[in-house]
Amino acid sequence: MPATNENGLAEKLLKAPPANYWHCAARKPGEKRYSKSLDLTFDQVIKNVVEPWLEGRSFTVGPLILRSSDDASEILICHTGRSAAELSREWYATHQKDYRRYTFDTTNLPFRSGTHVAQELLFQPGARRPFAADVGLVLRLCERLPKAAQVLAHRSHKEKTPYVISDEYDVQDLLQGLLRGYLEYSVQEDMLPKIAGVRSSRVDVSIEELGVLIEVKYAREAADQKRFLKELSEDLMQYAKWPHLKTLIFLVYNAKVFRDGEALKKEAAEMVIDGRKFRLEIVLA
């Protein structure tokens, strides 16, 4: 399956990777046939192939199970502007008079016509998990925030002043420090477009390159759960006005005071507001 890729096209594609029509193929040493997974989302490629590859974990491509990257003799990742089924239908329409004379596997079509990115995602020095994986990293850092706070609250050197979290601003500062330590992107507080009737015009943390907004809340009592839910509902319209939004993280620190925090977590969902699609994630820290 020869790869087609003009110079710089893969890098350009990965700056803003399309959500759909990604394809993977792999084979083990000594095997002639490729195992394929077609019509994946970019999130699926990152989560199911790229992350395990870079972390040395097992993963699957179609029915093929690979114990690690060392278990594959070759792996391909490419993107096409249309689905594999559409490419197949187009090929048969073009060859409808004599296609029976061909012994041609149309599942190879995406890899013949697509933009290949395996080199950029898996093999370049310092290859890292891009975009969707970095959003996952942001979520994990939000979830692990209390662990970092616990270390700073109990300093090993007694003469050092403990870092105590007592309000939302303390949470924001610690979170920004962690994010800037792990991410190469700009992490900042951001002004949102003003909307009539909305309380606030500023979000706590924004990462424009990833399309991530983080709204931080500090819970003091069980009654805050109802109030936070009301505020979230009121502010969703405002968040959706941010032109880069792909993921909104609603982070509640000290959520242990809630009687039923899991009820709040059920608000996580795929959202569509004024035509803008984004993912709402609820993190109780």
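The model is predicted, so to speak of local features requires pLDDT of at least 70 and side-chain atom pairs count only at pLDDT 80 or more, while totals for chains, interfaces and linings use all residues. Residues are numbered from 1 along each chain as its sequence is written, and side-chain values use heavy atoms, with hydrogens and water left out.

**First selection: helices 7 and 8**

Select residues 145-153, which form helix 7, and residues 168-182, which form helix 8. Helices here are DSSP runs of H or I with at least four residues, numbered from the N terminus. The two axes come within 11 Å and cross at roughly 105°; each axis is a line fitted to C-alpha atoms over the stretch in contact, and angles run from 0 to 180 degrees between N-to-C directions. Helix 7 is therefore roughly perpendicular to helix 8, a term for angles of 65 to 115 degrees.

Now display the side chains. Leu145, Ala148, Ala149 and Leu152 of helix 7 meet Val171, Leu174, Leu175 and Leu178 of helix 8, where contact means heavy atoms within 4.5 Å. The residues of this contact comprise 8 nonpolar, no polar and no charged. The nonpolar class consists of Ala, Val, Leu, Ile, Met, Phe, Trp, Tyr, Cys and Pro; Asp, Glu, Lys and Arg count as charged, and the others, Gly among them, as polar.

Select Cys78 and Cys24. How far is the sulfur of Cys78 from the closest cysteine sulfur? The distance to Cys24 is 8.0 Å, too far for a bond. A disulfide is counted when two cysteine sulfur atoms lie within 2.5 Å, and the count comes to 0 disulfides. Cys78 is buried at 0% relative accessibility, buried meaning under 20% relative accessible area (1.4 Å probe, protein chains only). Cys142 is likewise buried, at 0%.

Move to Asp224, in helix 9 (residues 224-239). Asp224 is buried, with 5% relative accessibility. A polar atom of its side chain lies 2.7 Å from the backbone nitrogen of Arg220. Leaving aside residues up to four places away in sequence, Asp224 touches Tyr218, Ala219 and Phe258.

Finally, select Asn108, in the loop between helix 3 (84-94) and helix 4 (109-113). Is this residue buried or exposed? Asn108 is buried, at 14% relative accessible area.

Conventions
Helices (H or I, at least four residues) and strands (E, at least two) are DSSP runs, numbered from the N terminus. Angles under 35 degrees count as roughly parallel, over 145 as roughly antiparallel, 65 to 115 as roughly perpendicular and the rest as oblique. Buried means under 20% relative accessible area, exposed over 50%, partly exposed in between (1.4 Å probe, protein chains only). A polar contact is a pair of N or O atoms within 3.5 Å; within protein, one must be able to donate a hydrogen and the other to accept it, and residues adjacent in sequence count only if both atoms are side-chain atoms.
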